[in-house]
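User: I would like to learn how to read the fold of this chain, from its overall dimensions to its backbone details. Please give the general idea first where there is one, and then the case at hand.

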Amino acid sequence: MGSYSMPKYAVPLSALGTFIGGLYLLKDYMGGAKYTGEERLAGRTVVITGANTGIGKEVARDLARRGGRVIMACRDLDKCERARAEIVVETANRNIKCQLLDLASIGSIKAFAKAVNQNEKRLDILINNAGIMRCPKLLTEDGFEMQLGVNHLGHFLLTHLLLDKLKASAPSRIINVSSLAHSRGRINFEDLNSATTYNPAAAYEQSKLANVLFTLELAKRLKDTGVTCNAVNPGLVKTEIGRHLSVTKSYISSFLLFPFLWLMLKTPRQGAQTTLYAALDPNLAKVTGKYLSDCEEQALSEKVLDEAVVKRLWAISEKWTRIT
Ligand SMILES: NC(=O)c1ccc[n+]([C@@H]2O[C@H](COP(=O)([O-])OP(=O)(O)OC[C@H]3O[C@@H](n4cnc5c(N)ncnc54)[C@H](OP(=O)(O)O)[C@@H]3O)[C@@H](O)[C@H]2O)c1
């Protein structure tokens, strides 16, 4: 009987295979919790802002797969149409619509809301997802610092203008996509609009904290209406949100950071899971005013729960967006 000898490269190859397999398992683990509910959305209507890319596009794709009418509210209709076409082909749901919404313009927000209120029979889920992060100092059409204007004030106004439709369609849900960055945020009432000094990171953190504070107060005001409102942290997700960061513009740092980022960052699909959980989970039917992360509720720090700050921000937001 001949003796069996292992090929020379068998051990290193199997070690490499185990290492790569382990890496993918770790990557999957870092991707966080998955929403596994199988709810269908036939006959229900969803508006999602910033749905042409990133997390918003993945949420739209999933909701389309469930048979819902999905209104993709985007500022660039060409990009929106490309994303819509992809989603329609993939899900065979033709009930997907692109509608112009520029959150950096009160006029555009009003026109969008008017069209939804006039043309849509119902609105079951509003997902305030669009966002801009750490951009250079820019102003919206109405003179708001861009991150505060788009991330907070734009969604604040949009939500108010769609509230009657949401109430009439109750039970309905509002989801505000915030971030862990809210916990580093401070509402700088001395210079809310960054008129004197502008720090791109602080302005983003302030806007994401504003998302959470808006959620808390809106949930209280909507008590007993059948409309819930929760905030979501999607986690760290590889999307276009970093487009203004110098690190993403440099090929060298992108190359050096690639292994770390590949492992640490969620895919957009993974980043969509907590938003889907907030929008769909039947166990959340009556849950409101909460902060959700990795498909579960997370406690907010005392700092965030300062009632005086919540009320003051609300009053200023109403005034600046001219809500009567
Ligand atoms: N990615 C992360 O790690 C992470 C972490 C925590 C929280 N978040 C939050 O998740 C949300 C989605 O971000 P993402 O990561 O998916 O980023 P993204 O890929 O950059 O997508 C952002 C979306 O917002 C839209 N948008 C920006 N300005 C707008 C405006 N003025 N009017 C209407 N739409 C506008 C963008 O449209 P254009 O394509 O036309 O620019 C895009 O569709 C944001 O609220 C973000 O703060 C993300």
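Predicted model: local features only at pLDDT ≥ 70, side-chain atom pairs only at ≥ 80, totals over all residues.

**Reading the fold**

Analyst: A92 is found in the loop between α3 (77-91) and β3.

User: What is the value of phi at A92?

Analyst: Most residues other than glycine have a negative phi, and most peptide bonds are trans. At A92, phi is near 60°, which is a positive value in a residue other than glycine.

User: Which peptide bond is cis, and where is P171 found?

Analyst: The bond leading from A170 to P171 is cis, its omega being near 5°. P171 belongs to the loop that lies between α5 and β5.

User: Let us turn to the whole chain. How many helices and strands does the chain have?

Analyst: There are eleven helices and eight strands in the chain. The chain has a radius of gyration of 22 Å, close to the 20 Å given by the globule rule for 324 residues, so the chain is as compact as a globular protein of that length. Its C-alpha trace spans about 90 × 50 × 40 Å along the principal axes.

User: In what order do the strands of the sheet lie?

Analyst: The sheet is open, with eight strands in the order β3-β2-β1-β4-β5-β6-β7-β8, and its pairing is mixed. β3 (96-100) and β8 (296-298) stand at the edges with a single partner strand each, so one side of each has no neighbour in the sheet. From one strand to the next, the twist averages 25°.

User: How many bridges join β7 to β8?

Analyst: Strand β7 (residues 291-293) is joined to β8 by three bridges, and the two run antiparallel. For Y291, the bridge partner in β8 is Q298.

User: Which strands does α5 touch, and which does α6 touch?

Analyst: α5 packs on the sheet and touches β1 (45-49), β4 (125-128), β5 (172-177) and β6 (227-233); its direction makes about 175° with that of β4. Helix α6 (residues 200-221) also packs on the sheet, where it touches β5, β6 and β7, and its direction makes about 160° with that of β6.

User: How is a pair of packed helices described?

Analyst: Two packed helices are described by the angle between their axes and the distance between the axes. For α5 and α6, the axes come within 8 Å and cross at roughly 15°. That angle makes α5 roughly parallel to α6. The crossing of α5 past α6 is left-handed.

User: Which residues of α5 and α6 meet?

Analyst: From α5, the residues are Q147, L148, N151, H152 and F156; they meet A203, Y204, Q206, S207, K208, A210, N211 and F214 in α6. Sorted by class, this contact of α5 with α6 has six nonpolar, six polar and one charged residues.

User: At what angle do the axes of α4 and α5 cross?

Analyst: The axes of helix α4 (residues 106-119) and helix α5 (residues 146-168) cross at roughly 20° and come within 10 Å. α4 is therefore roughly parallel to α5. Their crossing is right-handed. On the α4 side, I106, I109, K110, A113, V116 and N117 meet G154, L157, L158, L161, L162 and K165 in α5. The classes in the contact of α4 with α5 are eight nonpolar, two polar and two charged residues.

User: Are α6 and α11 roughly parallel or roughly perpendicular to each other?

Analyst: The axes of α6 and helix α11 (residues 307-320) come within 9 Å and cross at roughly 95°. The two helices α6 and α11 are therefore roughly perpendicular to each other. In their contact, A210, L213, L216 and E217 of α6 meet V309, V310, L313 and W314 of α11. By class, the contact of α6 with α11 holds seven nonpolar, no polar and one charged residues.

Terms used:
Residues numbered from 1 in each chain as written. Axes fitted to C-alpha atoms, helices over the stretch in contact; angles between N-to-C directions. Helix = DSSP H or I, 4+ residues; strand = E, 2+ residues; numbered from the N terminus. Parallel < 35°, antiparallel > 145°, perpendicular 65-115°, else oblique. Left-handed = near helix turned anticlockwise from the far one by under 90°. Contact = placed C-beta atoms within 7 Å. Nonpolar A, V, L, I, M, F, W, Y, C, P; charged D, E, K, R; others polar. Pairing = 2+ DSSP bridges. Rg over C-alpha atoms; globule rule 2.2 N^0.38 Å.
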